[in-house]
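Student: I have a protein model to read and would like to go through it by question and answer. Can we start with how its helices pack?

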Amino acid sequence: MNNAVRFRVSVRALADFCLSEGDLVSGFRVTPSALEGREIHGLAQQKRGANYRAEVPVEWLWQQRDFDLIVSGRLDGVWPGGVEEIKSCRVPPDELPESTRALNRLQVQLYAGLWALQNDAIETWTVRLSYIHSQTQQEWTDDETHSRDELVDQLMAALARYDAWLQRLLAHRKQRDAALNTLQFPYPTMRTVQRQMAETVYKAQATHRQTLIEAPTGTGKTLAALFPALKALGEGHHQGVYYLTMKTTGQPLVLETVEQLQLADGQLNCVNLHAKERLCLSPDTPCDGALCPYANDYFGKRQRLRERLFARNRWDAVTLAELGEAEHICPYYLSQDWALWADLVIGDVNYLYDTTAVQPYLLKEIDNKVAVLIDESHNLIDRGRAMYSAEFNGETLEALFKTAPEGIRKALQPVRKALRKIQPETPGLSDQPPDVLVQALRTWLQESARLLREAAFWEPPPQWQRLIFDAARFNRIHELAEPRDFCWRYTPGTPAERRVETLCLNPARLLREKHQLVNSVAAFSATLAPWHYSQSMTGLAEAVPLSLASPFQPEQFQVTLVTDVSTRFRDRQQLPAQVVPLIQAFREQTPGNALVFFSSYRQLADCEARLATDPGVIAQRRETTLLERLALLDRLRTERGLMVLAPLGGVLGEGVDLPGDALTGVLVVGPGLPQVNDLNDRIRRALDAEGQPGFDFAYRFPGLHKVLQAAGRCVRNESDRGDIWLLDDRFADYHASGWLPPHWTVRSARRDELLKTVKPE
């Protein structure tokens, strides 16, 4: 057997690859969840006859000169002379898209071919495709009779088609690996800390481990992560790289870094994933081949265009849209399909970690082992909580109910009753899950396609799709929720005001499960200390930690802790009088521009009122638009003497690069602790129950990370110098506990001492 290169593919993925005709029909996925599917399969298999064997593994080796291919799967059921594939569904089979039925039929035929290869004494086979309604358990059975030769020939044809693709893929990878093995670092020298980070990323990927790296501003994290990942790719330690960001604004930098490596076209294919709204070429039509020209014959077009992936290095939003227009194919779904085979995928963290993400499971189907790089990974905690939380509200439900036909209103009544029934007398958090609502939503989802078909002359409003999406997500999160790290918030009121939220308190368990689906994980950020917090909450408790020294000199960071000012809630009335003079003193000694960060908008507004007469003071408000933020950044880069008031954790507190005089000072008012409320306190108690320091994890450390991120805006290169003032007596304890960066030059000062620098009016 040839051990040099080995590919694996599931029967399901092989069938999907070979699907060469049919329209794309997206939107609501009519198949039940994985949990429902397992239950339905088990019930059906128990009803079969005595000669029936369930869940039978099957595998076969396709051996070639240059590689081995193992095709494998698990048969739902076999009996002498017969093979069955069971598909659970929420609608009758004739309401499924034609492409879905064709895929299912091809899958069971390929399974039958594999099984027939191992049972050559049987010449005639019954090939059964069974659909089972997840709610009613009604079965639809479709039997076909095929000879052994027919089934084996079809399997061989599918494998030959896949073989041709693997030959092409292997040729590309050989060319790619040769280029990557000679790849040079794009600068004459590599900083010491950059080299340390690159070596750690490489070792983690070569040994299929996880690593968590704290790399201060100025390390050059993007290149220090991407360069070793591509070198490891060229040496065969993984088959692809996923570079994940927390914000789309961070993705252009990754693309620019790829350009710096100066690889020739076709040597490295990079796919930049974007939201559907960004890439959709026909936003006014549903994703249905009968209505959208870009979804029409999608699978045939995909088959013809597959090799175009290798034509260039960069498939970003512009190039994907250009290809979509030229070939009349959906660029969003094409980018998702291409990502499975790409050398480098750049996208938001949700493409691998959200509950709706299909990439990790599709990658598993073709055994494509990828290395994952996670930028700004301190945000993975909050993003994890958001990705694993869901809400169902009465506003969308009632808006749809008012305009829907009688049949749909009747079907919505059980959902309305369930939403009313689960509501307590007073709003608040609860440990009781909304099981009654989940069951009502499940039933409604199962009926939704039939209801829409029966209302042939009714044009569904946007609330229809919104309700389907919300209901499906709510039920999916419900299946993941365990009381130890979830709770529920109920909001009673009028029918439109009623709401229930499934809230993730600790995302570590679900994040850890996602980490385990890939080959290796390298997560990095400028703010990860304290380590026990970041490792525990990101699901990377087993990761190898690395804390890098700053590439800058301590004298570049002049940090002053103002230790006799309290920004606690109980002292809020005195806050403006205490803080505004310090802000004025700070501005007078700041030669360029300055940023002043507050722990809340209330603090910001109270202090802004006393600075309103100063034309150089600009306040960022909740309602500030994206264009206004961009205009503000442009002013900071082109003007001097400005002071911007902003909230901690906002857009100016992370990912903003203002070198030189564009930013020479940062003042932070308060330690940025999250608001004390029922939810944060529930997070604290849940973490306490897990044996973690709940207050630190729920309040103190999240605030600390916001402060350190904001302060990190100040010094961006070797020539920058910046003053950083931290106003609150608690910062002295942070310094004593070793939570402030070791490369800072820190002094403590009292308020009166600093105010002596203010020039008298």
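Student: Which residues in H11 do Leu320, Ala321, Leu323 and Gly324 in H10 meet?

Tutor: This is a predicted model, and the contacts are read from its atoms. Contact here means heavy atoms within 4.5 Å. On the H10 side the residues are Leu320, Ala321, Leu323 and Gly324, and their partners in H11 are Pro331, Leu334, Ser335 and Trp338.

Student: At roughly what angle do the axes of H10 and H11 cross?

Tutor: H10 covers residues 317–327 and H11 covers residues 331–339. Their crossing is right-handed. The two axes come within 9 Å, and the crossing angle is roughly 115°.

Student: Which residues of H10 are buried?

Tutor: A residue counts as buried under 20% relative accessible area. The cover over the buried part of H10 includes strand S9 (270–272), helix H8 (276–279), strand S10 (314–315) and H11. The buried residues themselves are Ala317, Thr319, Leu320, Leu323 and Gly324.

Student: Which residue just after H10 takes a positive phi?

Tutor: Most residues other than glycine have a negative phi. Just after H10 there is a residue with a phi of about 55°, and it is His328.

Student: Where is His208, which also has a positive phi?

Tutor: The phi of His208 is near 55°, and His208 is not a glycine. At 43% relative accessibility, His208 is partly exposed. Its place is the loop between helix H5 (192–206) and strand S7 (210–214).

Student: Is Asp367 buried or partly exposed?

Tutor: Asp367 has a positive phi of about 55°, and lies in the loop between helix H13 (359–365) and strand S12 (370–374). Asp367 has 24% relative accessibility, so Asp367 is partly exposed.

Student: Is the peptide bond from Ala529 to Pro530 cis or trans?

Tutor: Most peptide bonds are trans. Pro530 is found in the loop between strand S17 (520–525) and helix H20 (531–537). For the bond from Ala529 to Pro530, omega is near 0°, and the bond is cis.

Student: Which parts does the salt bridge of Asp348 with Arg383 tie together?

Tutor: The closest N and O atoms of Asp348 and Arg383 are 2.6 Å apart. The two residues are 35 residues apart in sequence, so the pair ties together strand S11 (residues 344–348), which holds Asp348, and helix H14 (residues 380–387), which holds Arg383.

Student: How far apart are the closest N and O atoms of Asp66 and Arg65?

Tutor: A salt bridge needs the nitrogen within 4 Å of the oxygen. Asp66 is partly exposed at 24% relative accessible area, whereas Arg65 is exposed at 74%. The pair forms a salt bridge, with its closest N and O atoms at 3.4 Å.

Student: Which residues are linked with Glu482 in a network of salt bridges?

Tutor: The count of salt bridges in the model comes to 48. In one network, Glu482 is linked with Arg484, Asp485, Arg509 and Glu513.

Student: Which residues make the nonpolar surface patch of about 330 Å²?

Tutor: A residue needs over 30% relative accessible area to join a patch. Leu630, in helix H23 (residues 626–638), is partly exposed at 47%. The patch is made by Leu626, Leu627 and Leu630.

Note on methods:
Residues numbered from 1 in each chain as written. Predicted model: local features only at pLDDT ≥ 70, side-chain atom pairs only at ≥ 80, totals over all residues. Heavy atoms only, no water. Patch = residues over 30% accessible without salt bridge, like charges linked within 9 Å, V, L, I, M, F, W, Y side chains within 5 Å. Areas by Shrake-Rupley, 256 points an atom, 1.4 Å probe, with all protein chains shown as cover. Salt bridge = Lys/Arg side-chain N within 4 Å of Asp/Glu carboxyl O. Helix = DSSP H or I, 4+ residues; strand = E, 2+ residues; numbered from the N terminus. Buried < 20%, exposed > 50% of the residue type's maximum accessible area, 1.4 Å probe, protein only. Axes fitted to C-alpha atoms, helices over the stretch in contact; angles between N-to-C directions. Left-handed = near helix turned anticlockwise from the far one by under 90°.
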